[in-house]
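Me: I'd like to go through this model and check each label against the rule behind it. Could you put the values next to the cut-offs for me?

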Amino acid sequence: MAYETINVDVQDHVCLIKLNRPEAMNALNKELIGELCAALEEADASDKVRCIVLTGSEKAFAAGADIKEMSEMSFTEVFSTNLFADANDRISAIRKPVIAAVAGYALGGGCELAMLCDFIIAAETAKFGQPEINLGVVAGIGGTQRLTRFVGKSKSMDMNLTGRFMNAEEAERAGLVSRVVPAKKLIEEATAAAQKIAEKSLLTAMAVKETVNRSYELPLSEGLLFERRVFHSMFATEDQKEGMAAFLEKREAQFRDK
Ligand code: CO8
């Protein structure tokens, strides 16, 4: 499918989606959000894709929801259309692993979009923030909820109440990002991580994603039960037999996603 506000490129089983609204710091307008959800769903359904990388430009991953588009909306409109619920649900429903590769600004909806991905690799230039308070609103798609689970209450309150930005080093220290890399190497490093994931059994990778994500929804005892049941169920797969046999035979596993 041809897109106007994003670029999509599939190579070696990795789908690279690049947000592309340079005139507005990749602000997330209706068109971009619709195209992004469609591209993610297309990649999720494609046999050619085993892992997805989502990125922006050197200047901005995304500077949040499009303020021009939102500014005149009424309560009735945002409530009745349930603004951003669809994006949250569609992105959360992607079953293949999604890595956010963040350089520059990831603000408001941009920070929330990065948190909707499975993990974040940040360039040294990355700046994360939930500055919605400066616009007279609260975060709308996870900035008060996911951020609090990722970095704890104190830092989340600080970010959401002051609207200040967090640099890459602080974001790594706080557990928001998994690693920080030089800006010039961001795509190379994110793609290498995606390729490493793409070499695994896709079945197992999807089970890992689903199981880790349950930890944010369940109390520990229920989460451990869910994990154990998924672990047990993996013994019904050919890839479990192959993975363990390959280890014992001291060779590379040949996974078949079965
Ligand atoms: N919306 C619309 N346009 C934007 C946005 C935005 N969020 N951010 C930047 N732009 C535009 C600017 O208006 C400007 O356009 P123009 O040249 O036509 O005036 C252009 O991008 C360049 O921006 P600046 O001139 O401001 O560039 P600076 O380098 O001076 O500053 C900043 C960069 C710091 C990123 C600054 O632009 C900024 O603070 N932007 C707004 C950040 C913000 O408040 N984000 C939160 C938005 S609200 C939100 O995200 C609610 C959550 C919704 C969920 C989303 C669901 C997916």
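Me: Why is N160 called buried?

Reply: The cut-offs are under 20% relative accessible area for buried, over 50% for exposed, and partly exposed in between (1.4 Å probe, protein chains only). N160 has 14%, so it counts as buried. Keep in mind that this is a predicted model: local features need pLDDT of at least 70, side-chain atom pairs count only at pLDDT 80 or more, and totals for chains, interfaces and linings use all residues. Numbering runs from 1 along each chain as its sequence is written, and side-chain values use heavy atoms, with hydrogens and water left out.

Me: What makes the pair of N160 and G143 a polar contact?

Reply: The backbone oxygen of G143 lies 3.0 Å from a polar atom of the N160 side chain. The rule asks for a pair of N or O atoms within 3.5 Å; within protein, one must be able to donate a hydrogen and the other to accept it, and residues adjacent in sequence count only if both atoms are side-chain atoms. So the distance of 3.0 Å passes.

Me: Which residues is N160 in contact with, leaving aside its neighbours within four places in sequence?

Reply: N160, which lies in helix α7 (residues 153-162), is in contact with Q130, I133, A139, G143, T144 and L147. Contact means heavy atoms within 4.5 Å.

Me: What about L116, buried or exposed?

Reply: L116 is found in helix α5 (residues 109-116), and its relative accessible area of 11% makes it buried. Leaving aside neighbours within four places in sequence, L116 is in contact with N88, I91, S92, I141 and R146. A87 is 29 residues away along the chain, and its C-alpha is separated from that of L116 by 10.0 Å.

Me: Why do you put the buried residues of α11 on the same side?

Reply: Those residues are G223, V230 and M234. They cover an arc of only 50 degrees around the axis, so they sit on the same side of α11; the arc is that of the directions from the helix axis to the C-beta atoms. On the other side, S221 and R229 are exposed. The cover over the buried residues includes α10 and α12 (238-248).

Me: What makes β1 and β10 the edge strands of the sheet?

Reply: The open sheet has 6 strands in the order β1-β2-β3-β5-β7-β10, with mixed pairing. β1 (6-11) and β10 (179-181) each pair on one side only. Two strands pair if DSSP finds at least two bridges between them.

Me: How do you know that β1 and β2 pair?

Reply: They share 6 bridges in the antiparallel sense, so they pass the threshold of at least two.

Me: Why is K250 called exposed?

Reply: K250 has 77% relative accessibility, so it counts as exposed. Its place is in the segment after α12, and its phi is also positive, near 55 degrees.

Conventions: Helix = DSSP H or I, 4+ residues; strand = E, 2+ residues; numbered from the N terminus.
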